[in-house]
Amino acid sequence: MVDKRFFVLWVLVLFIYSLGVSQKSPVFLYDFDQCSLAEKSGFGNDAKVSGNFSCNCGINGDGFAMSGQETLELGQDINQIFSKDFSIDFYVNLTSVTNTTDLLSIQSFCDLDSSIYMRYVPQSGEIVVELAENVSQYYILQGKVDAGCWNRVTLIKSELNYTLVINNMTVGLAEVNRNIPIGRNARVRFSGSPCGAGGDDKLVGLLDEIAIYNRALSRQDLVRSYVFPDRISTKDTTIFKGSEVEIMVGAECADNFTWTPTAGLDDPNSLNVIASPEESTTYELALTNNGCEEISTITINVVEEQDKKCADLLIPAAFTPNNDDLNDDIGISNTFIIDEIKSFQIIDRWGGWVTTLQTKADRWNGTKDGQSMPGGSYVYKISYTCENQTYSKAGSFLLLK
């Protein structure tokens with residue numbers, strides 16, 4: 001007998017899909033914590049594994065340890081989202097991969113008919129995605145992964161645009177003529193394509209945090225949800241001499257690690273440390289996880305408090321929001337002079353409101369209501385307190401494209 005509660009929940013899910021309502025959280029989530037194949041959002045079926053299911057230390061808890069023999073298949077109910085906007089987001093550890101490897105497939109059969117296939121090619125260090133409606137409607141996305149132990153891979157569909165994003169950077173984009181339909185009998189499989197037996201290897205490595213959305217994730221969505229696996233997550237900062245800052249690391253599974261230099265760190269034998277350097281210092285963390293070394297850095301600029309000039313607020317003259325991780329957003333450069341932001345508005349050249357930033361650490365990524373704004377000149381107006389006095393400043397900057 002069908003559980004009535006499950007039936008009501010499933011009807012609700014179908015109703016949400018029929019309305020095309022996009023969910024902020026993943027519609028389907030598989031995080032493998034407690035070494036479980038359960039779907040964690042409560043909307044989907046649990047995953048299935050062909051072969052042995054075992055776990056190792058992952059991104060936030062356990063991760064699925066794959067030995068080259070396993071296939072992970074997600075619930076068929078996921079197919080309902082592929083006719084509209086969607087995003088498939090996951091983390092994969094590729095340190096043990098030596099041959100072209102089957103990562104992800106959404107297929108019914110091994111042919112170029114309504115299919116999505118993703119593979120990793122270690123010889124070129126690239127992930128390649130094949131999108132096919134049929135033989136004449138065929139597209140390829142590809143982009144390099146970095147040498148890190150973990151890589152975040154995201155495939156996004158927004159209307160007729162398919163985007164491949166690796167570690168929050170756009171590496172491939174294809175504009176198709178019409179939606180690529182996914183067959184009713186297609187399956188979402190990791191390392192289990194119907195074509196895999198005749199060519200690509202199955203994955204040897206770790207898989208974790210598989211999240212599937214019924215909407216196109218934005219750049220801001222990706223940045224906010226990034227967990228900095230095995231890397232320093234605290235951004236470069238400026239402090240007054242004698243102050244301190246906590247350095248956070250997104251890591252749980254380090255075999256060993258080394259901080260360089262150690263001067264100014266409260267406990268160099270800890271991953272998360274308190275830093276109070278006497279002078280401007282760049283700290284380097286070399287971390288080994290499962291045989292892979294990851295190196296990341298943070299620069300802490302140290303200034304004398306008597307050098308603090310409350311009226312000298314600094315905003316860059318331009319920024320380039322092109323998803324290359326260089327000057328992709330804009331904000332206050334010397335936040336250390338500010339006690340509190342009273343107001344911080346960005347206005348377009350015609351005087352129209354664009355956005356309001358709430359704190360001194362907030363930054364603008366060049367979008368409004370999720371849409372990219374045109375290049376050109378923009379105006380900022382800021383009111384803030386410093387040393388118990390209120391200061392105001394207005395100026396302009398360029399959004400470059």
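Which residues does I210 touch, not counting residues up to four places away in sequence? I looked this up in the model, which is predicted. I210 touches F28, L29, Y30, F32, L72, L74, D89, F90 and F190.

I then turned to the cores. I210 is among the residues with the most contacts inside the largest nonpolar core, along with L72, L74, F90, M118 and I127. That core has 47 residues. I checked which strand gives the most to this core and found β6, residues 86-93, with four residues. I also noted a second, separate core of 22 residues, which includes C310, V354, M373 and I382.

Next entry: D328. I placed D328 in the loop between β22 (318-319) and β23 (340-348). Is D328 buried or exposed? I read a relative accessible area of 8% for D328, and it counts as buried because that value is under 20%. The side chain of D328 is joined to that of R219 by a polar contact of 3.0 Å. Beyond four places in sequence, I listed R219, F319, T320, P321, N322, N323, W364 and N365 as the residues D328 touches.

Last entry: N99. I found N99 in the loop between β6 and β7 (101-107). N99 has a relative accessible area of 39% and is partly exposed. Leaving aside neighbours within four places in sequence, I recorded contacts of N99 with Y120, P122, Q123 and D201. With D201 there is a side-chain polar contact of 2.9 Å. I also checked N99 against D200: the two are 101 residues apart in sequence, and their C-alpha atoms are 7.6 Å apart in space.

Methods. Residues are numbered from 1 along each chain as its sequence is written. This is a predicted model: local features need pLDDT of at least 70, side-chain atom pairs count only at pLDDT 80 or more; totals for chains, interfaces and linings use all residues. Side-chain values use heavy atoms; hydrogens and water are left out. A nonpolar core is a set of buried Ala, Val, Leu, Ile, Met, Phe, Trp, Tyr and Cys residues joined through side-chain atoms within 4.5 Å. Buried means under 20% relative accessible area, exposed over 50%, partly exposed in between (1.4 Å probe, protein chains only). Helices (H or I, at least four residues) and strands (E, at least two) are DSSP runs, numbered from the N terminus. Contact means heavy atoms within 4.5 Å. A polar contact is a pair of N or O atoms within 3.5 Å; within protein, one must be able to donate a hydrogen and the other to accept it, and residues adjacent in sequence count only if both atoms are side-chain atoms.
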